[in-house]
Amino acid sequence: MSNSKRRNFQIEAFKHRVVVDPKYSEKTWKILEHAIHEIYNHNASGLSFEELYRNAYNMVLHKFGEKLYSGLVTTMTLHLKELSKSIEAAQGGFFLEEMNRKWADHNKALQMIRDILMYMDRTFIPSTHKTPVHELGLNLWRDNIIHSSKIQARLLNTLLELVHRERTGEVINRGLMRNVIKMLMDLGSSVYQEDFEKHFLEVSANFYSVESQQFIECCDCGDYLKKAERRLNEEMERVSHYLDAKSEAKITNVVEKEMIANHMQRLVHMENSGLVNMLVDDKYEDLGRMYSLFRRVHNGLSTIRDVMTSHIRETGKHLVTDPERLKDPVDFVQQLLDEKDKHDKIISLAFNNDKTFQNALNSSFEYFINLNPRSPEFISLFVDDKLRKGLKGVSEEDVEIVLDKVMMLFRYLQEKDVFEKYYKQHLAKRLLSGKTTSDDAERSLIVKLKTECGYQFTSKLEGMFTDMKTSQDTMQGFYASQASETGDSPTLAVQVLTTGSWPTQSSAPCNLPAEILGVCEKFRTYYLGTHTGRRLSWQTNMGTADLKGTFGNGQKHELNVSTYQMCILMLFNNADRLCYKEIEQATEIPPSDLKRCLQSLACVKGKNVLRKEPMSKDIGEDDAFFFNDKFASKFYKVKIGTVVAQKESEPEKQETRQRVEEDRKPQIEAAIVRIMKSRRMLDHNNIVSEVTKLLQPRFLANPVVIKKRIESLIEREFLERDNVDRKMYKYLA
C-alpha cells in the first residue's frame, strides 16, 4: 500500500464534561482507611476485598494516588506506634514473643493491604518513584519498632544474652530466635548487619578471647584443641539453626582468630603435650585435630610443618651421630626406616597426606642421612644382611616392600656412587659364596637402581650375573672334556669373572697345594684353548674349599674353609707342628690375611681344628701351631669363617674413598666437556654450578675438584682461558 492511501486515525475527547463529586476522594479514602483499621484489628472477615480494590483503583484513576499513598503511610505509622507500645510493655521473656507475634500480624496485614492497593503498586508507585507497599510496610516497621529508642538496645541485648546463655550450656527457644533474626534479615541485610551481626561478632570475640585464655592456662594441648573444635562446630550449628548463612564465615573467623591464631606458638610448643610430644607418642587423633584447626588460619600449617621439620632433623641428627648406634650398621638402617615409617604414617593418618609435609619429611631425611659419611656403606650392609639371610621365608610382596624402602633411603643419598662401590663389593661376595637368598630379589633391586639412575649405574652389576651364568656353562664344558681322566684329583668349581665388572683387588698370589695346582692348570689349558686372547689370574683371596679331615678316635668331619685356610690346613698333612714363620713362608699369604685365617682356625671355640701355643686371642709371629687331634663337633659339616670386621677398617675406608674420588674425576671432566661443547664459552662460577647440577643424581661434586679438573682439561687443550677475562673459559674443538 502506498503512503498516499494510508489513513491517519485520531482519538478525540468526550464532548460532554465528566463531573466528579468534590468530596469523592475524602469519602473513598475514609472507606479504605476504615478497612486498614479493620485489617489491623483482625476484623478483615467482613470486608469486601473486591469493592476495596475498585475504590483504590478509582482513586488512582482519578489522580488521587498521592492522597491514597500519604494516607496509607499515616495510617500504618499510627498502627505501628500502637504496636510499639504493646511490645515495650512486654516483660522479660515475653518481649521477644510479643515482638514475634506483632511481626507476624503486621506481615499478614501488609499482605492484605498490598492486595487492595495492587493497582497503585503497579501504576502510580513506579511512575512517581515511590517505595512499593510491601517494602514501605517493612521500612515503617523498621523505623517505628526496631529503631524505636525504647526497643532497639533492648532487642539487641536480649538476643546477645540468649546467645551467651546457649554458649554457657543453657537450652534456649531456637525457633523464637530464628523468627526474630529472620525478621531482621527480611528488613534488609543492612538492618541485620548493623543492628545485630556487628555487635554479635564483637561480643563473641570478647567471649572467646577470655575463654581461650582460661582454657590454655588449665588444659594440655590435646584437650585445648578438642574444646576449640567443639566451639567451632557449635558456632557453625548455631548459624545453621537461626543466623544468616553469610554469618558463618565471619563467626568462624572470630573463633579461629581468638582460639587458634592467637595461641598457635604456645600450643605447638606446650610443655609435655605440644606438637613434639604428639609426634613422639603417635597421637594421630590429636595431630589430625591440630592439622584441621591450624589449616583454617594464616600460617597455621607452616607453623606445624616448621616445628615437625625441626624435630625430625634433631632426632635424625642424634640418630646418625650417636657412636653407640654406629656399632651395628643393620640396626642403624632399620632405625632410619622405622623413623620414616612412623612419620609417613602420621602424615597419612593425621595430615591428610599433605604433599608439603611429605616434602618437608623428605628434605629432613636427606639432611641428616648425609651428615654421616658412612650412610652409603651402612645402607649397602643392610641390603647385604637382608639378601643373605634376612628375607628367608618372606613372601615376594614383603621382599618388594623392603627393597622399596631401601630405594627410598638410597634416593636421599648425595653420594650414590659411594653406595654403588660398596653394593658392588657386597654383591660380589654374595654371588661368589652362593649366599644370596633369592636371585629374583637381587635382580629386582638392580632393576630399581636402573630405573632410578640409568643403565650406566647398573651395567657392571648385570655383568656380574652374566659371568655367574657363563661360569656354570664353562664348568660343564670343562668336566665333559675331562670325562676320560677320572682320577682321584680334587673337584674344581671355577667362576670366571670379567675384570671390569667385578670389584676385584689385586692380591698377591699364594702358593696353592700341589694337588690343587694340577687341576687348576688343566682348567687354564682348557679355558685358554676355547677362548682366544684372554688371560686368567687366580683370585685366591676370594675362593672357598671343602676339606675332609680325620681327627682323634677316627672322627671324620667335612670342613668348609676359605682358599687361604685350605692352604694352611693342607700343610698339616705332612707336619704335626708348624710355627707362624714356616706357614707364612710355605703359603706366601699376606700377613694381615694369614693372621685372620689362623685366628679363625685356632682361636674360635667349636671351630679350633688347630691348637696354638701360647694360647691367646691374638696371633703373634713367634706362635706355634699344632693339628688338634681332640677337635670334636656335633655336626659332620663344619663351616669355619674368617675373623673379619663387618664394617671396613680405617685403611680400607680410606682406600674405598680414594677409589671413589678417582672414579669421579673422568665423570667430572666428561660433564665439563659436555657443558662447554654446547655453551662454547662460560665463566668459572657457571661451569661449577652447571657441573654440580648435572652430576647431582650420582654425587655432590666438590668445587675444588671441579677447578682441578678444569685445569687438567686446559693442560690437555680441551679448554682455554679467555685472554681478557681469566675467569672465562672457551671450548677448543
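Two strands are treated as paired if DSSP finds at least two bridges between them. The legends below describe close-up views of a predicted model.

**Figure 1. The hairpin formed by strands E1 and E2.** Strand E1 covers residues 544-550, and strand E2 covers residues 556-562. The two strands pair in the antiparallel sense, with seven bridges between them. Within this pairing, Thr-550 stands opposite Lys-556 of E2. Five residues lie between the strands of the hairpin, where Asn-553 adopts a positive phi near 60°.

**Figure 2. The largest cavity and its lining.** Rolling a probe the size of a water molecule over the atoms shows where empty space is left. The structure holds one cavity of 30 Å³ or more, and the space in the largest cavity amounts to about 30 Å³. Its lining consists of Glu-661, Arg-664, Ile-668, Phe-699, Leu-700, Ala-701, Asn-702 and Val-705. By class, five of these residues are nonpolar, one is polar and two are charged. Helix H27, residues 650-679, gives the most to the lining, with three residues.

**Figure 3. Lys-345 in helix H16.** Helix H16 comprises residues 329-349 and contains Lys-345. Lys-345 has a relative accessible area of 43%, so it is classed as partly exposed. When residues up to four places away in sequence are not counted, Lys-345 touches Tyr-284 and Ala-350. Tyr-284 is 61 residues from Lys-345 along the chain, and their C-alpha atoms are separated by 8.8 Å.

**Figure 4. Asp-384 in helix H18.** Asp-384 belongs to helix H18, which comprises residues 375-390. Because its relative accessible area is 9%, Asp-384 is buried, the cut-off for that class being under 20%. Apart from neighbours within four places in sequence, Asp-384 is in contact with His-426 and Arg-430.

Figure 5. His-42 occupies the loop between helix H1 (24-40) and helix H2 (49-61). Its relative accessibility is 58%, so His-42 counts as exposed.

Figure 6. The chain has 29 helices and nine strands. Its radius of gyration is 48 Å, well over the 27 Å that the globule rule gives for 733 residues, and the chain is therefore more spread out than a compact globule. The C-alpha trace spans about 155 × 80 × 60 Å along its principal axes. Of the 733 residues in the chain, 44% are buried. Among contacts with a separation of 6 or more, 70% are between residues 24 or more positions apart.

How values were computed. Residues numbered from 1 in each chain as written. Predicted model: local features only at pLDDT ≥ 70, side-chain atom pairs only at ≥ 80, totals over all residues. Heavy atoms only, no water. Buried < 20%, exposed > 50% of the residue type's maximum accessible area, 1.4 Å probe, protein only. Helix = DSSP H or I, 4+ residues; strand = E, 2+ residues; numbered from the N terminus. 1 Å grid on protein atoms, 1.4 Å probe; cavity = no way out; pocket = protein on both sides within 12 Å on 5 of 7 lines; lining within 4 Å. Points joined across faces, edges and corners; volume = space filled by probe spheres on them. Nonpolar A, V, L, I, M, F, W, Y, C, P; charged D, E, K, R; others polar. Rg over C-alpha atoms; globule rule 2.2 N^0.38 Å. Contact = heavy atoms within 4.5 Å.
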